[in-house]
Amino acid sequence: MTLQELGKEYLIMADELKHRVKVVSRELKGLDGIRLYEANRTVQILNDMEQESRSTGMHLINYYENKAEGKVYHRSR
């Protein structure tokens with residue numbers, strides 16, 4: 001599997017997580033108390049996971065394009 005293929009897998013997972021957020025968010029309307037709190041927490045976690053998956057996917061897809069042409073050396077001071 002190449003980095004681009006792996007990156008695409010991460011993006012697919014991000015889309016699935018985004019869909020799951022929409023499903024859970026629709027369920028919030030009928031909840032109250034601790035169930036509402038737990039559902040909101042789940043939405044937060046899913047949003048974080050979606051964002052991380054999308055970021056990782058884009059990084060992997062563009063990995064070779066983002067690299068510098070040559071090595072950059074810095075002098076020690």
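**View 1. Glu50 and Arg54 join side chains in a salt bridge, with 2.8 Å from N to O.** This close-up, like the others here, comes from a predicted model. Both residues sit in helix 2, four residues apart, which is about one turn of the helix. Glu50 is buried, because its relative accessibility of 14% falls under the 20% cut-off. Arg54 is partly exposed, with a relative accessible area of 27%.

**View 2. Arg54 also forms a salt bridge with Asp15.** Here the closest N and O atoms are 3.0 Å apart. Asp15 belongs to helix 1 and Arg54 to helix 2, so this pair ties together parts that lie 39 residues apart in sequence. Asp15 has 43% relative accessibility, so it counts as partly exposed.

**View 3. Asp15, Glu50 and Arg54 make up one salt-bridge network.** The structure holds two salt bridges, and shared partners link these three residues.

**View 4. Helix 1 packs against helix 2 at an angle of about 160 degrees.** Helix 1 covers residues 3-27 and helix 2 covers residues 33-61, and their axes are 8 Å apart. An angle over 145 degrees counts as roughly antiparallel, so that is how helix 1 runs relative to helix 2. The crossing of the two helices is left-handed. What kinds of residues make up the contact of helix 1 with helix 2? They divide into 16 nonpolar, seven polar and six charged.

Note on methods: Residues are numbered from 1 along each chain as its sequence is written. This is a predicted model: local features need pLDDT of at least 70, side-chain atom pairs count only at pLDDT 80 or more; totals for chains, interfaces and linings use all residues. Side-chain values use heavy atoms; hydrogens and water are left out. Axes are lines fitted to C-alpha atoms, for helices over the stretch in contact, and angles run from 0 to 180 degrees between N-to-C directions. Angles under 35 degrees count as roughly parallel, over 145 as roughly antiparallel, 65 to 115 as roughly perpendicular and the rest as oblique. A crossing is left-handed if the near helix is turned anticlockwise from the far one by less than a right angle, and right-handed if clockwise. Ala, Val, Leu, Ile, Met, Phe, Trp, Tyr, Cys and Pro count as nonpolar, Asp, Glu, Lys and Arg as charged, and the others, Gly among them, as polar. A salt bridge is a side-chain nitrogen of Lys or Arg within 4 Å of a carboxyl oxygen of Asp or Glu. Buried means under 20% relative accessible area, exposed over 50%, partly exposed in between (1.4 Å probe, protein chains only).
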